[in-house]
Amino acid sequence: MDAQPLYAIKAELFKSLAHPARIQVLEVLAAAPDLTAPVSRLLKVTGAEPSALSQHLAVLKRAGVVVSTRSGNAVQYRLAEPLVAELLLVARAFLLRRLAGLDADDERLTIARRLPTLPGASARAVLEVALTETAPNQVAE
């Protein structure tokens, strides 16, 4: 059996990220000091129904993006790799650059700027550059 090309594997990864609730879960995990959060916290933050959150977590787990540990009835999820936090940070910087051309009062830009910083992510410099150097007329169409 032939190995999948890298672009196909990347596409599968991005498919696993293709839901707002999953991105929200990853943002919560990435913002946690140890990249870990209990399911109860994820439920509270996302507002998702337990069955829906369970399905989203299963997708992320199958993709190798998160891992879980159980202690009694409590289940903790954490990012499988700190690089996932960097991926989120680079995506945030990209989006901030894209949104910078909008009216400064645009709700999407305000929300993006309020996202919590991701501790320890080396790509943080990318976000700082995006916030400080982007002028509205520099945004590509």
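Visitor: Over how many bridges do strand 2 and strand 3 pair?
Guide: This is a predicted model, with local features needing pLDDT of at least 70 and side-chain atom pairs pLDDT 80 or more, while totals for chains, interfaces and linings use all residues. Residues are numbered from 1 along each chain as its sequence is written, and side-chain values use heavy atoms, without hydrogens and water. Strands are DSSP E runs of at least two residues, helices H or I runs of at least four, numbered from the N terminus, and two strands pair if DSSP finds at least two bridges between them. Strand 2 (residues 66–71) and strand 3 (residues 74–79) are antiparallel, and the number of bridges is six.

Visitor: Which residue takes a positive phi in the hairpin of strand 2 and strand 3?
Guide: Arg70 has Val75 of strand 3 as its bridge partner. The hairpin has two residues between the strands. The residue with a positive phi, near 65°, is Gly72.

Visitor: How are helix 2 and helix 5 oriented, roughly parallel or roughly perpendicular?
Guide: The axes (lines fitted to C-alpha atoms over the stretch in contact, with N-to-C angles from 0 to 180 degrees) of helix 2 (residues 20–31) and helix 5 (residues 83–99) come within 10 Å and cross at roughly 115°. Since 65 to 115 degrees counts as roughly perpendicular, under 35 as roughly parallel, over 145 as roughly antiparallel and the rest as oblique, helix 2 and helix 5 are therefore roughly perpendicular.

Visitor: Which residues of helix 5 make the contact with helix 2?
Guide: Contact means heavy atoms within 4.5 Å. Helix 2 contributes Leu26, Glu27 and Ala30. From helix 5 come Val84, Ala85, Leu88 and Arg92.
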